[in-house]
Structure formats: structure tokens, C-alpha cells
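Take a first walk through this structure.

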Amino acid sequence: MVVFKFLDWFWLVVYIITMVFCGILFYRLGKRSMADFFLAGRGLPWWLPASSVYATHTATDTPIWVSGVIYKYGLRGIWYTFFPAWCAISAFASTRIFRRSLAYTQAEWQTLRFSGLGAELLRGWIAGWQFFLNMFVLGWVGIAMGKVCHYLFKWPDWIGLVLFSSLCAIYVLAAGYWGVIMADFQQGVIAFSVIALVSIWGIVVAGGPQTIMTKLSSLGQSWRLNPFAFTGFASGDFPLAWFLTMLVIAIVGGFGMGTSIDWYPEAQRIQSARTVRDSSYSIWGGTALIVIRNSIWAVAILAFFSLYPHIQSTAEYEMAWYKFGFEFLPVGMLGFFFAAIVAIHISTIASHLNLGASYATRDLYQHYLRPKASDKELIWVGRISTLILLVGSFFYGLMMKEITSWLIFALWIMLAGIWLPSILQVVWWRFNSWGYLSSWIANLGLSWLICWILPEFGVIRSLPDYQLFWIMMVLGSLIYLPLTFLTKPENMDHLVKYYVMSRPLGWWKPVKEEAVRRGLLSLDAQRIEGGN
Amino acid sequence: MGWIKTKWTSQEADQWTKEDYITFVLSPLVYVLLVLGVAFSLLLLWYGWVILGAGVVLLVIMLRIIDPKLKAISEDYEAKQKKYLEDLEKIARWEE
């Protein structure tokens, strides 16, 4: 248990007051219109959504997750944290296409890309799924804060979960996305500074880089410094096949929309940027900070390993980075560190509260229940949805026990069967709403069947996650590809309109030729592109 | 870099060209170099600084390749955005 002195409480209280005040300050902007409440009026320079990308994806569970994989796998575990690299290509491909569509949400984009009943079913499905997924994310991030508070103050887990999420909800309810983005900026700066400070402090405590490397060598653990220490092509706990699969998922996935669960918060940041160029740089820059942050953390966890090399309990070594902060920082800095953790925590909570509410408001309430609702009414629906998400997250959070297993499941399996369809919907004109919808349904059934049910009953053996990814992808394609060809292509009028507006990448030749034939694109354009 | 186009008309910028494809290759490579470069630099290994430096140089090259095109796309698109937003609201309200 950690004991706070006066200065520690001072840092914490000052920070919380500043943060909540900063959010409320934008109350007037947030209530101007729905575009302000959910997209800050679509007018932000790139560095604001970039800081939000960074802050949102730096949560209380992130150092727990990074500590877990680096302690277990050494520096090669850094590749477990490399999934955000889908933004490397996305920033210049799918981000550009999505920004041009102007859709508020990914669910709305479905009805711009596809048409008819299939598109509406997709929109309703994705909106509903996103509402509950955001509640789920709020739960798992919230319970991580509960764990931190338990570690620090021996509070029951629910207190940390409820207290800080509720504080954060004050400014999200008041100012919507304006509050989120402005608080994210200050939280992002604080979080990055403190992560760097505590990590470097930890490296120093361990005796500095040279001592760490010497200790690892004397322990026979030098391989931990090699990020490419594979255990074989398909054998051992870190096979090359896993690494190659990760690279394909992370990098090629950037051509699609929804290939990662992180796409959905990023989509909101993309639309809040003032231009196409700003949206590209916001996604690229925010993610660059994330991958740099992971490297800083990784070295700190190596330092931790050199001090405590024999920890067997996952729950214990997952707290490695927090241990550095709380057990080794000087008196008076504990409160500052904890205030930074609060910053890390609520930036994520705020984003997911507002994001989940945007799906409930724009895609469910307005589109299906009250299409003619005024902006004032929609903002109130946004606030009520925010409250429902908050309360729901408390229940979800209290049901979760171990962070790492949930995250691995979410990163690999929940999206394995829809990874390729999420790319096809962007790059291939013939892929239709029924194909995409069927891939979702097939994936839900297949993932539970292959990952949980069949191994549980001994029908198949438990497979490594990277093998599951490819199996899920192939099995899913056996369902959605025939279904795509057995059903009609999307309406050509709808496709032409989408093409002219968004100018997608890939195989769109029939649609492009039709757009040229209708005089919507110049012949020069076709000549320049060489009839792609 | 004479073979890289730096002046774009709006029609040209709307196409997917070699500048985009080069960026698709450079961008993930920059991330990989940043990840490795930062980690090895913190361990005070000399090759960490080399990798990090290479990452920064590639980043500058990438921006010089893609930025003029992104500027042209943005300028052209923002001029049409108001009309597109009006259409979007009509769809949301089932008026289209």
C-alpha cells in the first residue's frame, strides 16, 4: 500500500479540477450542433486529433498489457504492441477515402458505400455492436483503474472503476467531443511526459543500460534484447509465422476500414480534422507517438526484469511499470504520477463515452427513430446515451478478471473473419452488403466455435492465435465470397455517387467508366490514371 | 527528386499514383525504424541512433513526396464539402 503525503494529494486535486474545468469550458461549443457534440465542428488542425489518437490509446490497461508481453517475451514482445501500425498505410489510403465520405461514423459509411436493405442492416448492426463494444472497452479500461487503485490504496476494485469514470463523464456530458479533444490534448502531453520520465527513472534505478544488459547476460537472458529472437518458423512460443502474420494484419489492414477495433475511434478523429491532409497527419502522427511510447515502455520493462527476473505470477509482472512509478519515485512525485495515471485513464474513458454515444445518436436514434429531430434534441440524446454507457461499463468492468487474455482475444480473434472483408469493401466494387454482413455473422459463429467450443469438448486441439487467424479467414471466405457472387452487385447509381465523392483505391473500373460516361469525371482523369 | 511530382492539378491529385504507392512502402518502414531506433537508443547502443536517424530521414523524404499531393486534394475537396454535407444530411433524414 502506498501512503500519499500532502504534496501528492495537491498534485492530484489540482489536476482533476483543471481537467474537469477545461472540459466544461467548451460547453458552449459542444451544444451548438450535433457536428460539434460529436466531431468538434469538423474543424480541427491535425495535431489536436493526433494527440487524441495518442491519448485515447494510452489507457490504464496499456502499461499492464505492455508490461505483460515484454516481461514474458523480452524485446520481441514489442511486436505484440505493433498492431496500431495499420495506421501507417491507412493514414494515406483508407483515412483519405473515409474523410472524403464525410460519414459521422463507420456505420453511416456503410450506407454510403452500400445501398438498400443490406446497407441498412449493416448500419444498424455496426451501430448496435459499437454501442456495446464501447461499453465493453469502458468496462475493461475502467477495471484496470480499479486494479491500480487496489494496488495503491487497497480499495475494492469497484471504487477506482466508478470514481474516475464518473469524474470524466462530467465534461463529456457537458461539452461532448469538444471536451474530449481539449482534455485529450493536455492529457496526452502529461501522459507522454510522465511515461518517458518514469521509464527513464526505472532504467536508472536498475543501474542504467549497461548494467541491465550485463545482468541479462549473467542470467543467460541476452536473447531478451533481440526483437527478432524467433523460436522457429512455426514452433516455440514466438515463431516467425506469428511475426509474419502480425505484419500482414497490421500493415495490409491499413487498406481497409474496420480491420482493427481501433479503426472506430480513429474514424471519429478523421472526420473531426479540418481537411483531408489534416486527417492523414492526425492518424499518422498520433500512431507514431504510440509506437514510440511502446518502445520506451519496453526498455523500462527490460530494466524491471533485470531487477526481478523470477516472477511467475502474470498478475504481478503485469504491474511492472506501475511498480517503478509507485515504489521508486521520490516523495512528492507519487501524486504527480498518480495524476498522470488519472490522465491516461480518463482520456480513454472520455473518447469511448462520446464515441459510443455518437453511434446511438446518429445511427440508431436519428436514422431509425427520429430522422427530423432537431440538433438540440440530438445533443440531449447524446448525453443520455453517454450516461447509459457509463452505467453499463460498471457492470461489464466488474465481470472481467484478467486483462491480457481479453485483449489477445479481442485483437486477434474478434476481427479475424472480417479482416479481409473489411479491406474488400474498400478496394473492390463488386463486394456487396450481403457479402460483408454474412462475413460478420459467420465470424461470430466461427470464432466462438473454433476458439472456445470445439477445443473445450476436445473435438480439435487448441491452436496458436496466428493459426486461428488464417483458419478463420479462410473459413469465413468460403461463406461470404459465394454469397457475394450469388447476390446482385450494389446499385450502380449509388456506386457512382460514392466513387465520385470518395475516389476509392483498388478495383473500381466498371464504376469509374460509368462515372466518366455520365460526365461526372473528365476523360483526362481516366487518361491520367491509365484506366485502373 | 525530379521524378517525384510536386505540382498537382485537382484532377491529377484525385488519382492514385506512384507517390501514393511509395508512401505505402515508406510509412510502415518508418514506424519499424522508430520502434527499433528508440528502444536501442535508450539502451545506448550505437546502432539504435543509426536506425533512429534513418527513420527520421525516411520520414522527411516521405513527407516531401506526399505532402504536395495531399495539399492539392484538400484544397479541391474542401471547395465541394459543403454540398456533400447537405447531401449527407438529406440521407440521414431519409429525404433522398
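What follows is a short tour in running paragraphs.

This is a predicted model, in which local features need pLDDT of at least 70, side-chain atom pairs count only at pLDDT 80 or more, and totals for chains, interfaces and linings use all residues. Residues are numbered from 1 along each chain as its sequence is written, while chains are lettered from A and ligands numbered from 1 in the order in which they are written.

Start with confidence. pLDDT is the predictor's confidence in each residue, on a scale from 0 to 100. Chain A has an average pLDDT of 90, and 95% of its residues score at least 70. Helices here are DSSP runs of H or I with at least four residues, strands are E runs of at least two, and both are numbered from the N terminus. In chain A, H25(A) has the lowest confidence, with a mean of 53, and H14(A) the highest, at 97. Chain B also has an average pLDDT of 90, with 98% of the residues at 70 or above. Its lowest mean, 86, belongs to helix H1 (residues 10-13) of chain B, and its highest, 97, to helix H2 (residues 18-42) of chain B. For the complex, the predictor gives an ipTM of 0.93 and a pTM of 0.92.

Now look at where the chains touch. Two residues are in contact if their C-beta atoms, placed from the backbone, lie within 7 Å. By that rule, 42 residues of chain A are in contact with 33 residues of chain B. On the chain A side, the elements that give two or more residues are helix H6 (86-90), helix H11 (209-218), helix H14 (276-307), helix H17 (334-369) and helix H25 (523-529). H14(A) gives the most, with twelve residues. Residues also fall into classes: Ala, Val, Leu, Ile, Met, Phe, Trp, Tyr, Cys and Pro are nonpolar, Asp, Glu, Lys and Arg are charged, and the others, Gly among them, are polar. The side of chain A that touches chain B has 28 nonpolar, eight polar and six charged residues.

One residue of chain B is worth a stop. Ile66(B) lies in helix H3 (residues 46-92) of chain B. A residue is buried if 20 or more other C-beta atoms lie within 10 Å of its own, exposed if 12 or fewer, and partly exposed in between, with C-beta atoms placed from the backbone. Ile66(B) is buried, with 24 other C-beta atoms within 10 Å. Leaving aside neighbours within four places in sequence, Ile66(B) is in contact with Phe92(A), Glu19(B) and Thr23(B). The C-alpha atoms of Ile66(B) and Tyr21(B) are 9.9 Å apart, although 45 residues separate the two along the chain.

Back in chain A, turn to helix packing. Two packed helices are described by the angle between their axes and the distance between the axes. Axes are lines fitted to C-alpha atoms, for helices over the stretch in contact, and angles run from 0 to 180 degrees between N-to-C directions. The axes of helix H10 (residues 157-205) and helix H18 (residues 375-399) of chain A come within 10 Å and cross at roughly 165 degrees. H10(A) and H18(A) are therefore roughly antiparallel to each other, a label for angles over 145 degrees, with under 35 as roughly parallel, 65 to 115 as roughly perpendicular and the rest as oblique. Their contact has nine nonpolar, seven polar and one charged residues.

H10(A) also packs with H4(A), at an angle of about 65 degrees and with the axes 8 Å apart. This contact has eight nonpolar, five polar and one charged residues. H4(A) is mostly covered, as nine of its ten residues are buried. What covers them includes H10, helix H13 (263-272), H14 and H17 of chain A.

Finally, see two loop residues. Most residues other than glycine have a negative phi. Ala40(A) has a positive phi, near 50 degrees. Ala40(A) sits in the loop between helix H3 (34-39) and helix H4 (47-56) of chain A. Leu102(A) has a positive phi of about 65 degrees. Its place is the loop between helix H7 (94-101) and helix H8 (106-113) of chain A. Ala40(A) counts as buried, with 29 C-beta neighbours inside 10 Å. Leu102(A) counts as buried with 21.
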